Amino acid sequence: MKRTVWTRLGGMLGMVAGLALAGSAFAQKTEEKALRIFCWSEYVPQGVIKAFTKETGIKVSVENYASNEEMLAKLVSGGGAYDLIQPSEYVIEALIKDRRLEALDKDQIPNLKHIGSDFLDLGFDKGNRYSVPWMAGTVGIVVNTAKVKDPVTGFSDLFQEKYKGRIVVLDDGREIVSWALASLGMGPNEINKKTLAKAREVLVKWLPLVKVYDSDSPKTALINGDVDLGVVWSGEGAILVAQNKKFRWVVPKEGTHLFIDSLAIPKGAKHPGNAHQFINFILRPDISKMISDEFPYTNPNLEAQKLLSKEQLANPASFPSAEEMKRLEVFRDIGGMASSIDELITDLKAQ
Ligand code: SPD
């Protein structure tokens, strides 16, 4: 990854710092041996949880979500009482603004040194005061080349009448709108009433072509042959291309999302010391490799990268080229416009 690109992307994000809490707030002695994690589905290997419990005696309960918005809704409504969440960059930005995250005690996270500088100190959380990178990734296109013979290089090639009923896409409004905006030459953060009206004109034609909406495991519809094309998370794409040569990964020519999913501790967490232990544990190179082996996203841990095979490092979905990196952009917090996106997508799906 080119440092310049990551630095530029990071610089695009504004941020408001929250209040820092003293590290001593995380004294571990008084904590019961429990940890509640609320994370994306298909992202935290069971083997990693087991190894953590074996090593620390801390019992972990895991709940999954399929979108940042689903996680936020539960967190904000007060449900869950989680010790760790796994938000993406634009949601970290929003959570910091709302003062909903605990400041991290870096003394308890010495393994943070393994994370590449390109993934640290980004604009959504300057100094990583509240978040530690889990995995990065992109959203791209998977083509079953045994079934699709015409070139597909971007969103406009994919969403064509001839592919009606042969497409799986992520069930994620913010992502879907960003594809329509990209096809109109706009960036994913240019979101206001006017641009959403323009995106609507595109999506009213695109969404009826979709057969399956799936953010948990969009690869499944492609593996089963239910569909021939997909817009999916890069880790899902990486599994497909590693499994069968007929699947091709495409970083859309119009540009696409670069996400940085991280671990963060919600305000009021009951087990912040255990949460710190878990964060430090997953930053250990051998443990981080376990995550990449199962969920091959872009691993930001440089020491873990050294443990990956040549094939893993050469997977085009896991590690985009420098040229592809130029087409990626991180999302920013868009405040109240998030609910306008939700309304738009709900409305379009109902038609
Ligand atoms: N199954 C894990 C998927 C993780 C995707 N995170 C990125 C979300 C950006 N909207």
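Predicted model: local features only at pLDDT ≥ 70, side-chain atom pairs only at ≥ 80, totals over all residues.
**Group meeting: helix packing and cores**

Numbering runs from 1 along each chain, as its sequence is written. Helices (H or I, at least four residues) and strands (E, at least two) are DSSP runs, numbered from the N terminus.

So, H4 itself, residues 89–97. How many of its residues are buried? It's 7 of 9, so mostly covered, with buried meaning 20 or more other C-beta atoms within 10 Å of the residue's own, C-beta atoms being placed from the backbone. The buried ones are Glu89, Tyr90, Val91, Ile92, Glu93, Leu95 and Ile96. They pack against helix H3 (68–76) and strand S9 (256–263); for contacts, C-beta atoms, placed from the backbone, have to lie within 7 Å.

Next, the cores. A nonpolar core here is a set of buried Ala, Val, Leu, Ile, Met, Phe, Trp, Tyr and Cys residues joined through C-beta atoms within 7 Å. The largest has 50 residues, and Ile37, Leu84 and Ala264 have the most contacts inside it. Beyond four places in sequence, alanine 264 touches Ile85, Pro87, Ile92, Leu95, Leu101, Tyr130 and Ser131. There's also a second, separate core of 40 residues, including Val139, Val227, Ala238 and Ile239.

Now H7, residues 193–206, with two partners to look at. The axes of H6 (residues 173–183) and H7 come within 9 Å and cross at roughly 100°. Axes are lines fitted to C-alpha atoms, for helices over the stretch in contact, with angles from 0 to 180 degrees between N-to-C directions. That makes H6 roughly perpendicular to H7, a label that covers 65 to 115 degrees. On the H6 side we have Ile176, Val177, Ala180, Leu181 and Ser183, meeting Thr195, Ala199, Val202, Leu203 and Trp206 in H7. By class that's 8 nonpolar, 2 polar and no charged residues. Nonpolar means Ala, Val, Leu, Ile, Met, Phe, Trp, Tyr, Cys and Pro, charged means Asp, Glu, Lys and Arg, and the others, Gly among them, are polar.

And H15, residues 337–350? H7 packs with H15 at about 25°, axes 11 Å apart, so the two are roughly parallel, which takes an angle under 35 degrees. Leu196, Arg200, Leu203 and Val204 in H7 meet Ser340, Leu344 and Leu348 in H15. That contact has 5 nonpolar, 1 polar and 1 charged residues.

Key: Parallel < 35°, antiparallel > 145°, perpendicular 65-115°, else oblique. Contact = placed C-beta atoms within 7 Å. Buried ≥ 20, exposed ≤ 12 C-beta atoms within 10 Å, placed from the backbone.
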